[in-house]
Amino acid sequence: VEESFELFASDGLRVDGDFEWDTTFKTATFAPEEYLDRNTSYTIRLGEGAKSLGGLSISAPLQVTRTTFPEFFVDPNLLPTFDSYYDDFGQYRINFSTPIDSQAFREHVTILPEVHSQSLYLYDDDQSLNLSGYFSPETEYTLTLDAGFKDVWGEPLGEERTFTFTTPPSQPSLNVVTGRSSYNLVFIPSS
């Protein structure tokens with residue numbers, strides 16, 4: 001398989017790299033010697049000479065083209081949103097063009113004023129930054145990403161990004177709990 005595998009950039013240049021096989025020799029991972037260029041099409045070819053561990057040849061050559069991730073930026077097609085759920089609990093979401101560095105993103109994010117029971121996490125294959133917690137009603141919040149906020153491949157945003165949003169008014173409601181907490185619950189919504 002390794003001798004029959006080729007990876008080419010759109011300019012026709014071959015990409016060199018190394019293979020790593022799983023313990024059953026059924027799955028191989030090709031790791032290029034250098035990072036691939038962003039937002040670039042690459043062609044993967046597996047020629048007729050490719051054989052399984054048992055010696056069977058593939059029935060036909062395989063060729064597919066894939067495009068790498070673009071530069072790192074806030075996704076302009078999915079605008080940041082705030083969703084309010086219950087008892088002033090809500091979530092603010094910002095979407096990005098590439099996966100976020102999951103090991104260091106928290107140190108590059110600030111939110112003012114403070115959010116009670118704040119949780120900051122990644123979602124959607126680490127391409128979405130989510131801030132959830134109990135937000136004060138009718139309050140303007142500012143979420144700031146510093147210039148060092150980066151994607152999984154180390155590319156930083158390069159400049160500070162600030163997002164301002166205002167939470168909706170609190171919705172009146174009444175919750176009556178009687179007896180054990182799992183029985184006899186009565187919820188009366190405001191409308």
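Is F25 buried, partly exposed or exposed? F25 is partly exposed, because its relative accessible area is 47% and the partly exposed class lies between buried, under 20%, and exposed, over 50% (1.4 Å probe, protein chains only).

This is a predicted model, in which local features need pLDDT of at least 70, side-chain atom pairs count only at pLDDT 80 or more, and totals for chains, interfaces and linings use all residues. Residues are numbered from 1 along each chain as its sequence is written, and side-chain values use heavy atoms, with hydrogens and water left out.

**The three-stranded sheet**

- An open sheet of 3 strands runs in the order β1-β4-β5, with antiparallel pairing.
- Its edge strands are β1 (5-9) and β5 (62-67), and each pairs on one side only.
- Neighbouring strands of this sheet are turned by 20° against each other on average, direction ignored.
- Such angles run from 0 to 180 degrees between N-to-C directions, with axes as lines fitted to C-alpha atoms, for helices over the stretch in contact.
- Strands are DSSP runs (E, at least two residues), as are helices (H or I, at least four), and both are numbered from the N terminus.
- Two strands pair if DSSP finds at least two bridges between them.
- β1 and β4 (residues 41-46) run antiparallel and are joined by 5 bridges.
- Within this sheet, L7 stands opposite I44 in β4.

**The four-stranded sheet**

- An open sheet of 4 strands has the order β6-β7-β10-β9, again with antiparallel pairing.
- β6 (81-86) and β9 (116-123) stand at the edges with a single partner strand each, so one side of each has no neighbour in the sheet.
- On average, neighbouring strands of this sheet are turned by 20° against each other, direction ignored.
- β6 is joined to β7 (residues 89-95) by 5 bridges, and the two run antiparallel.
- D83 has Q91 in β7 as its bridge partner.

**Aromatic rings**

- Rings of Phe, Tyr and Trp (its six-membered ring) pair if their centres lie within 6.5 Å; planes under 30 degrees apart count as stacked, over 60 as edge-to-face and the rest as tilted.
- By this rule the count is 17 aromatic pairs.
- W21 and F25 make a tilted pair, because their ring centres are 6.4 Å apart and their planes stand at 40°.
- W21 is partly exposed at 29% relative accessible area, and F25 is partly exposed at 47%.
- F72 and F96 form a stacked pair, 5.5 Å centre to centre with 25° between the planes.
- That pair links distant parts of the chain, 24 residues apart: F72 is in the loop between β5 and β6, and F96 is in the loop between β7 and β8 (109-112).

**Salt bridges**

- A salt bridge is a side-chain nitrogen of Lys or Arg within 4 Å of a carboxyl oxygen of Asp or Glu.
- The count by this rule is 5 salt bridges.
- E6 and R14 form one, with their closest N and O atoms 3.6 Å apart.
- E6 is partly exposed at 25% relative accessibility, and R14 is partly exposed at 46%.
- D151 and R38 meet in a salt bridge of 2.6 Å, N to O.
- This pair spans 113 residues, with D151 in the loop between β11 (140-145) and β12 (161-166) and R38 in the loop between β3 (28-32) and β4.
- D151 is buried, at 0% relative accessibility.
- R38 also forms a salt bridge with E155, the closest N and O atoms being 2.8 Å apart.
- R38 lies in the loop between β3 and β4 and E155 in the loop between β11 and β12, so this pair ties together parts 117 residues apart in sequence.
- E155 is buried, with a relative accessible area of 19%.

**Surface patch**

- Y35, F69, V152 and W153 make a nonpolar surface patch of about 430 Å².
- Patches are made of residues with over 30% relative accessible area and no salt bridge; like charges are joined within 9 Å, and nonpolar side chains (Val, Leu, Ile, Met, Phe, Trp, Tyr) within 5 Å.
- Accessible areas come from the Shrake-Rupley method with a 1.4 Å probe, and for residues only the protein chains shown count as cover.
- W153 sits in the loop between β11 and β12.
- W153 is partly exposed, with a relative accessible area of 34%.
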